[in-house]
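Open the model in your viewer and keep the selection panel at hand. The stops below are given in the order of selection.

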Amino acid sequence: MSEASALAISLFSELLTADQLLRARLTKVLPNRMEISHFSVLNHLARGGERTPAQLARAFHVTRGAMTNTLSKLEISGYVHIRPDWDDARRKLVSISPAGQSAREAALNAIMPLIDEMMGDLGEDRVRAALPVLRELRLRLEG
């Protein structure tokens, strides 16, 4: 194995392990048995307004079926409103509800101590330096 291959394997191993550890820690602190996928969708809707389920599925790189499942759970919880698209009856539009806004805020309040701790430990300069490489890696994986 070449040195470059070993380096790449180390990088991906670190990324996968960090992802698992971060998901485990976030799952422990999210309120009301909220799942990471639920928080992610609520956060996306809070910043971006109404979206179709297909747009959300593309944004999160999941199947439409997986997104429908997540949206159904969020709708049952009262966190999202799903309505017909008045311009195209075949489509639906999803928006965050006031209860969803409150749930998102509660989730943010629950995860911010963890985020603040990690930022404090790593330091803003190191995080800023890592972001371009991580962003480029994500863009290449999306492409």
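Select Phe12, which lies in helix α1 (residues 3-29); helices (H or I, at least four residues) and strands (E, at least two) are DSSP runs, numbered from the N terminus. Phe12 is partly exposed, with a relative accessible area of 37%; buried means under 20%, exposed over 50%, partly exposed in between (1.4 Å probe, protein chains only). This is a predicted model, in which local features need pLDDT of at least 70 and side-chain atom pairs count only at pLDDT 80 or more, while totals for chains, interfaces and linings use all residues. Residues are numbered from 1 along each chain as its sequence is written, and side-chain values use heavy atoms, with hydrogens and water left out.

Next, select Pro53, in helix α3 (residues 53-60). Pro53 is partly exposed as well, at 22% relative accessible area. Beyond its neighbours within four places in sequence, Pro53 is in contact (heavy atoms within 4.5 Å) with Met67, Leu71, Lys92 and Val94.

Now select residues 80-85 and 88-96, strands β1 and β2, which run antiparallel and are joined by 6 bridges; strands pair if DSSP finds at least two bridges between them. A hairpin of 2 residues connects β1 to β2. Which residue in β2 is the bridge partner of Val80? The partner is Ile96.

Last, select residues 8-143. Over this range the chain is 74% helix and 11% strand, with the end C-alpha atoms 18 Å apart.
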